[in-house]
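Here is a friendly briefing for anyone about to set up calculations on this model. Have the sequence and the 3D view open as you read.

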Amino acid sequence: MDKIYDVVALGELLIDMTMNGKSSQGNALYEANPGGAPCNVLAMLCRLDHKTAFIGKVGDDIFGHELKEVIGKAGIDTRGLIMDAAARTTLAFVKTFEDGDRDFSFYRNPGADMMLRKEDVDTGLIRSAKIFHFGTLSMTHEPVRSATLFALDEAKKAGAVISFDPNIREPLWDSMEDAKAQVIKGLEYCDVLKISDNEIQWLTGCEDYTKGVDWIYDHSNVSLVTVSLGKAGSLGFYRKYPEETDYIKAEAAPFLRNDTIETTGAGDTFGGCILHYVLECGLKNIDEKTLKEMLTFANAAASIITTRRGALRVMPTPDEVMNVIGCN
């Protein structure tokens, strides 16, 4: 089958209720921002002129219809998105602290995204994708866990590059032991891994990031690993073939901003840029120079999204990213 989509993603599509000041009575005001990590990644890729599609489920409610309209306007193909009248669209209330970090409270027991079934998955979309992208929010519960594993099997059979961002949200898991088991399961499939600093330490038990990546390489066939370090920038590790013991490494400095509002979507923006480089260069053609450029571009894009509320609607353009890099 022709690979007509650059990236197809499966997972959660939800509303991020982000704090936006206080009312005259002193009550917190929340802004309903379209979100969900997989579609944030796809929205960034659309900004970079890639063709994308999404597989998931939302409620047949006000928020579900709004989300479908928003991702369609962002350029994401919605044919794999199902509206479910029996479940409500998931909400995530996001509290932002002074340093830009966040805390989440999820209204998802169950949310529509959890109700995606194996038979709901559009296998035609998966077979026509160059890259298939997923996270672990679609692995927290059944039936969506089985749907995700089914989709991964289909993507592997179709020869797609598989991209994985664990994106752990602790309140959504029955236990962190289960969360770790599902991340390890995801590693069995993936070729490209985007992981945060705290996640790699939690997963591997290694405080040192390089040792953590060594652990990942020892336990998977992953080729490209990127580690987002927040205010400290990012790291990249690459090996061409799983059997290789040597790999190249690069790091890139952050683009720190005085106008940061919040960090929601920064990791997803970063991840979308990484996949852009994989698409442009090919997973077998990455050298140290390319790895450094990839990280720098992704850091710059992520810095821009921290100055905006939400992410999906407001992803940066390539010119905006290059302007940040040029002005640094």
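Which residues in H1 meet which residues in H8? Ala37, Asn40, Val41, Met44 and Leu45 in H1 meet Asp268, Thr269, Gly272, Cys273, Leu275, His276 and Leu279 in H8, where contact means heavy atoms within 4.5 Å. This is a predicted model, in which local features need pLDDT of at least 70 and side-chain atom pairs count only at pLDDT 80 or more, while totals for chains, interfaces and linings use all residues. Residues are numbered from 1 along each chain as its sequence is written, and side-chain values use heavy atoms, with hydrogens and water left out. Helices (H or I, at least four residues) and strands (E, at least two) are DSSP runs, numbered from the N terminus.

**The sheet**

- Nine strands form an open sheet with mixed pairing, in the order S5-S4-S1-S8-S9-S10-S11-S12-S13; two strands pair if DSSP finds at least two bridges between them.
- At the edges sit strand S5 (76-84) and strand S13 (248-252), each of which pairs on one side only.
- From one strand to the next, the twist averages 15°.
- Strand S1 (residues 5-10) and strand S4 (residues 52-59) run parallel and are joined by four bridges; Leu10 has Ile55 of S4 as its bridge partner.
- Helix H6 (residues 197-204) packs on the sheet, where it touches strand S9 (161-165), strand S10 (192-196) and strand S11 (224-228), and its direction makes about 100° with that of S10. Angles run from 0 to 180 degrees between N-to-C directions, and axes are lines fitted to C-alpha atoms, for helices over the stretch in contact.
- Helix H8 (residues 266-281) also packs on the sheet, touching S1, strand S8 (129-135), S9, S10, S11 and strand S12 (234-238). The direction of H8 makes about 155° with that of S10.

**The hairpin**

- Strand S2 (residues 14-22) pairs with strand S3 (residues 28-35) in the antiparallel sense over seven bridges, and Asp16 has Asn33 of S3 as its bridge partner.
- Five residues lie between S2 and S3 in this hairpin, and Gly26 in the turn has a positive phi of about 85°.

**Helix H1 and its surroundings**

- The axes of helix H1 (residues 37-47) and H8 come within 8 Å and cross at roughly 50°. H1 and H8 are therefore oblique to each other (under 35 degrees counts as roughly parallel, over 145 as roughly antiparallel, 65 to 115 as roughly perpendicular and the rest as oblique).
- The crossing of H1 and H8 is right-handed: a crossing is right-handed if the near helix is turned clockwise from the far one by less than a right angle, and left-handed if anticlockwise.
- By class, the contact of H1 with H8 has seven nonpolar, four polar and one charged residues. Ala, Val, Leu, Ile, Met, Phe, Trp, Tyr, Cys and Pro count as nonpolar, Asp, Glu, Lys and Arg as charged, and the others, Gly among them, as polar.
- In H1, 10 of its 11 residues are buried (buried means under 20% relative accessible area, exposed over 50%, partly exposed in between, with a 1.4 Å probe and protein chains only).
- Asp49, in the loop between H1 and S4, has a positive phi of about 70° although it is not a glycine. With a relative accessible area of 71%, Asp49 is exposed.

**Other helix pairs**

- H6 and helix H7 (residues 209-218) have axes that come within 9 Å and cross at roughly 55°, which makes H6 oblique to H7.
- The crossing of H6 and H7 is left-handed, and the H6 side of the contact includes Ile200 and Leu203, with Val213 and Trp215 among the residues of H7.
- H8 and helix H9 (residues 288-305) pack at an angle of about 145°, with axes 8 Å apart, in a right-handed crossing.

**Single residues to check**

- Ile71 lies in helix H2 (residues 62-73) and counts as buried at 0% relative accessibility.
- Not counting residues up to four places away in sequence, Ile71 touches Leu13, Cys39, Phe54, Ile76, Thr78, Leu81 and Leu312.
- The peptide bond from Asn109 to Pro110 is cis, with omega near 0°, and another cis peptide bond, with omega about 5°, joins Glu142 and Pro143.
- Asn167 has a positive phi near 45° though it is a residue other than glycine, and at 12% relative accessibility Asn167 counts as buried.
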